[in-house]
Amino acid sequence: MKDITITDSIRYVGADDTTIDLFESQYVVPNGVSYNSYVILDDKVAVMDTVDTRATQQWLDNLDRVLQGRTVDYLIVSHMEPDHAANIQLLAEKYPTMQVVGNAKTFTMIGQFFTVDLTGRSIVVKEGDTLCLGRHTLQFFMAPMVHWPEVMVSYEQTEKILFSADGFGKFGALSVDEPWDCEARRYYFNIVGKYGAQVQALLKKAASLDIAIICPLHGPILKENLGYYIGKYDLWSRYEPEDQGVVIAYASIHGHTAEAARKLAGLLEAKGAPKVVLHDLARCDMAEAVEDAFRYDRLVLAAASYDGGVFPCMEDFLLHLKAKAYQKRTLALIENGSWAPSAGKCMKAILEGMKALNIVEPFISIRSSMKPADEAALEALANRLTEA
């Protein structure tokens with residue numbers, strides 16, 4: 001990776017991981033991921049977080065190159081998840097005079113993950129506390145549940161830099177040139193999405209700061225058009241649809257439900273729907289389907305009945321949406337069943353636990369394969385969805 005300079009005195013020492021197959025053992029990352037860590041060089045030297053064990057050696061090499069023989073005075077721990085905190089003990093042992101800076105919950109978790117003795121080496125900070133490094137001063141703001149309870153962000157007052165922990169992060173290695181929005185959105189809704197209220201609370205704190213640069217723990221450093229990125233986070237954390245369009249998520253066993261889903265997609269496109277997105281839940285990236293469900297304002301769930309319930313990949317999808325606080329959308333349901341249709345009832349039962357959903361009634365029930373009456377029902381549904 002090429003050398004990344006944030007400013008003359010703040011340097012990037014993180015690492016790309018382009019060989020990882022699943023981030024957090026569940027999210028496909030075709031372009032890898034970055035583990036971001038930073039160093040502030042001043043009268044005192046502060047390291048802003050460590051990295052995952054998958055990148056330990058590269059991180060140490062980067063750190064040594066930037067330090068040029070200097071010692072580390074402080075390690076700031078923003079977030080204790082192992083992809084950022086895995087090397088706390090290693091760094092504490094490498095620099096025995098280094099002090100570790102975190103909040104009370106940080107140190108509880110350090111004791112759970114590591115055996116290092118930090119007696120006399122811990123600085124416990126609270127909301128608004130500051131740490132002077134010389135010309136630079138860090139101010140700490142608590143960000144609980146964005147997306148762990150110990151998360152905090154740091155604002156460097158002199159150069160106006162927000163070290164935003166997992167906020168404003170995205171999938172994808174820094175060596176990959178790709179648009180920010182898509183992988184940042186997939187990252188946000190699948191990892192942080194449940195905690196919209198907590199993100200809103202953090203955005204209110206950030207609004208009082210004069211921010212010139214955002215340095216997240218994953219993804220690119222943001223230096224321009226910050227209002228755009230902050231606006232996306234504001235929209236996403238309020239659960240408002242980002243775009244108009246219809247997502248059709250289907251779970252088909254033998255192809256008949258898939259046929260109905262494709263038929264509806266064609267009808268919607270013919271009627272001028274601004275965007276129609278199809279997801280085969282048995283085969284697609286579940287995290288991308290979740291992302292699109294939050295991105296667009298309308299969602300159609302089409303599923304086969306199975307064992308007196310609903311085909312498992314649809315149930316899995318709905319439980320993902322429920323866990324991430326899906327809300328404020330228009331939904332329509334299509335079930336299919338050959339001998340005891342049950343998918344519609346089961347889907348509605350899961351949806352009952354979600355907020356502010358406008359569910360189109362009644363749902364369409366197909367027996368095995370589509371008949372003319374089913375096609376007419378799909379046409380009527382397409383009319384209602386394009387009028388919504």
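Leucine 75 has valine 100 of β9 opposite. Strands here are DSSP runs of E with at least two residues, helices are runs of H or I with at least four, and both are numbered from the N terminus. Two strands count as paired if DSSP finds at least two bridges between them.

A word on the source. This is a predicted model, in which local features need pLDDT of at least 70 and side-chain atom pairs count only at pLDDT 80 or more, while totals for chains, interfaces and linings use all residues. Residues are numbered from 1 along each chain as its sequence is written, and side-chain values use heavy atoms, with hydrogens and water left out.

Back to the strands. β8 and β9 belong to an open sheet of six strands with mixed pairing, ordered β1-β6-β7-β8-β9-β10. β1 (10–12) and β10 (122–124) are at the edges with a single partner strand each, so one side of each has no neighbour in the sheet. From one strand to the next, the twist averages 20°.

Now the helices. Helix α1, residues 56–67, lies across β1, β6 and β7, at about 15° to β6. Helix α4, residues 104–113, lies across β9 and β10, at about 120° to β9. Contact means heavy atoms within 4.5 Å; axes are lines fitted to C-alpha atoms, for helices over the stretch in contact, and angles run from 0 to 180 degrees between N-to-C directions.

Last, an open sheet of five strands, also mixed, has the order β11-β12-β13-β14-β15. Its edge strands, β11 (130–132) and β15 (213–215), each pair on one side only.
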